[in-house]
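I opened my notebook for a friendly first walk through a structure that is new to me.

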Amino acid sequence: MEKVREDFPVLHQKIHGKPLVYLDNAATAQKPSAVMDAVRKFYEVDCANIHRGVHELSQRSTAAYEETRLKSKRFLNARSKSEIIFVRGATEGINLVASSWGRKNVKAGDEIIISALEHHSNIVPWQMLCEEKDAKLRVIPMNDRGELILEEYEKLLGPRTRMVAVGHISNALGTINPIRQMIEMAHRAGALTLIDGAQAAPHTKIDVQALDSDFYTFSGHKVFGPTGIGVLHGKKKLLEAMPPYQGGGDMIRTVTFEKTTYNELPYKFEAGTPNIAGGIGMGAALDYVTKLGLDQIAAYEHELLVYGTHALSEIPGLRIIGTAREKAAVLSFVIEGIHPHDIGTVLDRQGIAVRTGHHCAQPVMDWFHIPATTRASFAFYNTIAEIDALTAGLHKVKEVFGA
Amino acid sequence: MIDDLYQETILDHSKRPRNHHPMNDANRKAEGYNPLCGDKLKLYLKMDGDIVQDASFEGAGCAISTASASLMTESLKGKTREEALKLLDKFHELLTTDTPASRDLGKLVVFCGVREYPARVKCATLAWHTLKSALDNVTDPVTTE
């Protein structure tokens with residue numbers, strides 16, 4: 001692991017005089033040098049706008065950008081490159097489907113199913129759609145461990161269900177949802193599925209053909225790439241039948257003032273000059289994690305989770321929120337009598353970066369009757385020694401507050 | 001050092017907040033909300049004409065916001081509306097500028113350490129934002145945003 005850490009320059013610094021312990025990976029992951037090098041090379045050597053340029057630089061930038069589409073196709077095991085739509089991130093991926101597919105296909109009285117675990121980005125776009133169409137938003141409940149209750153999900157599915165939109169892995173609790181089974185159940189009821197893979201892409205192998213998901217989306221920055229770039233995968237037939245999301249350059253075939261015809265997939269959904277450097281950087285990031293191997297990453301992170309769960313459970317007064325049997329390396333917790341913001345501040349002074357708050361999942365917090373949690377989320381460059389530093393840090397927190 | 005932020009008085013008031021109860025005969029009420037952390041606060045004032053006769057609050061938050069509400073309610077009693085607003089300005093100045101703390105702040109100077117923690121300034125000001133809307137008689141919850 002020491003070798004992997006060498007690839008991440010940001011990790012080698014002191015914060016308030018202490019070595020940085022970065023445990024906020026679920027918010028954004030750090031970037032390896034390979035990603036920074038790719039972005040730098042683009043701006044230093046290949047910078048030009050993409051598509052339709054006849055000059056050398058434009059051809060180079062187009063090739064590099066489109067290469068990421070191919071890498072994304074392989075990363076998700078998609079059937080075709082034309083099913084890979086570049087977006088700003090998972091949030092835009094969901095919004096694209098909600099507004100393009102949703103506006104065309106959802107009618108009054110129809111139902112959209114989401115889950116109690118969702119991030120706000122997989123709640124609000126559907127809520128907006130339901131409000132506009134007078135459709136109904138229904139929510140799969142969870143149990144005390146933070147696992148979705150599939151029997152209840154089964155009951156929610158019906159002839160009016162148009163879409164089931166669920167997260168692959170919960171950002172707030174780390175729960176890994178049984179999405180393969182959930183997709184199958186949705187399909188049996190005749191509904192489509194959208195999987196928010198923002199938290200899954202950096203930690204698990206994704207195969208959209210094996211999953212049979214209709215839409216799958218993830219963000220580049222959570223998978224060690226730049227911010228402002230991500231992928232929406234959709235089945236070709238569905239994407240072809242959907243109206244464009246935004247109008248502008250690149251998404252058209254011909255334009256006259258009387259009538260515009262649209263470009264083919266995937267460009268139909270990519271209006272305007274995209275985040276070219278971000279796309280190229282994301283390509284380098286996907287190469288990086290693929291080379292490390294997602295199975296190896298998942299196995300190592302599971303070790304961190306097991307060790308961390310044990311270490312934190314030994315701290316008196318600490319309660320882990322989210323104890324799903326299938327769980328990614330996320331430790332969300334509360335400490336009796338100490339507010340998460342105070343925990344976060346004291347940890348920060350010891351160089352430890354965690355997130356405190358509702359993690360953009362207020363309904364999850366409400367369900368557990370807590371205003372917020374402290375969340376440590378891990379990546380493959382984290383170490384057992386860093387978990388020990390977290391544990392020591394939490395003892396210091398208790399000392400400061402005399403708890 | 002972390003002790004500069006969590007001074008003894010702040011820790012004391014966060015663990016044993018003063019005036020931490022609803023007030024049945026309050027004639028001014030306001031709610032405050034910090035969307036960053038989800039903290040909610042309800043402030044009660046009993047005004048006798050222009051003078052704050054009594055002040056109390058409800059709600060649970062972090063150590064900084066709880067201690068701030070506790071010390072605020074203590075310092076308000078007996079002040080006129082104008083004096084309370086002046087105190088609010090001075091408190092805000094203490095948290096956001098480098099000028100030496102005003103002597104009028106009394107015990108409230110313990111919050112000077114918050115200045116070094118920009119992410120926590122809103123925790124300290126939540127109660128004061130709420131005070132402003134109580135004095136202005138605004139009934140919609142105010143937020144720190």
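**Entry 1: the parts.** I looked up the secondary structure of chain A and found 14 helices and 17 strands. I note here that I am working with a predicted model.

**Entry 2: overall form.** Next I checked how compact chain A is. Its radius of gyration is 22 Å, close to the 22 Å that the globule rule gives for 403 residues, so chain A is as compact as a globular protein of that length. I also looked up the extent of the C-alpha trace, which spans about 75 × 55 × 35 Å along its principal axes.

**Entry 3: inside the chain.** How much of chain A is buried? I found that 49% of its 403 residues are. Then I turned to contacts with a separation of 6 or more, and 69% of these in chain A join residues 24 or more positions apart.

**Entry 4: two helices.** I picked α11 (residues 294-313) and α14 (residues 384-400), both of chain A, whose axes come within 10 Å and cross at roughly 20°. Angles under 35 degrees count as roughly parallel, and α11(A) and α14(A) are therefore roughly parallel to each other. The crossing of α11(A) past α14(A) is right-handed.

**Entry 5: who touches whom.** Which residues make the contact? On the α11(A) side I listed A:L304, A:Y307, A:G308, A:A311 and A:L312. From α14(A) come A:I384, A:I387 and A:T391. Sorting the contact of α11(A) with α14(A) by class, I got six nonpolar residues, two polar ones and no charged ones.

Methods
Residues numbered from 1 in each chain as written. Chains lettered and ligands numbered in written order. Predicted model: local features only at pLDDT ≥ 70, side-chain atom pairs only at ≥ 80, totals over all residues. Axes fitted to C-alpha atoms, helices over the stretch in contact; angles between N-to-C directions. Helix = DSSP H or I, 4+ residues; strand = E, 2+ residues; numbered from the N terminus. Parallel < 35°, antiparallel > 145°, perpendicular 65-115°, else oblique. Left-handed = near helix turned anticlockwise from the far one by under 90°. Contact = placed C-beta atoms within 7 Å. Nonpolar A, V, L, I, M, F, W, Y, C, P; charged D, E, K, R; others polar. Rg over C-alpha atoms; globule rule 2.2 N^0.38 Å. Buried ≥ 20, exposed ≤ 12 C-beta atoms within 10 Å, placed from the backbone.
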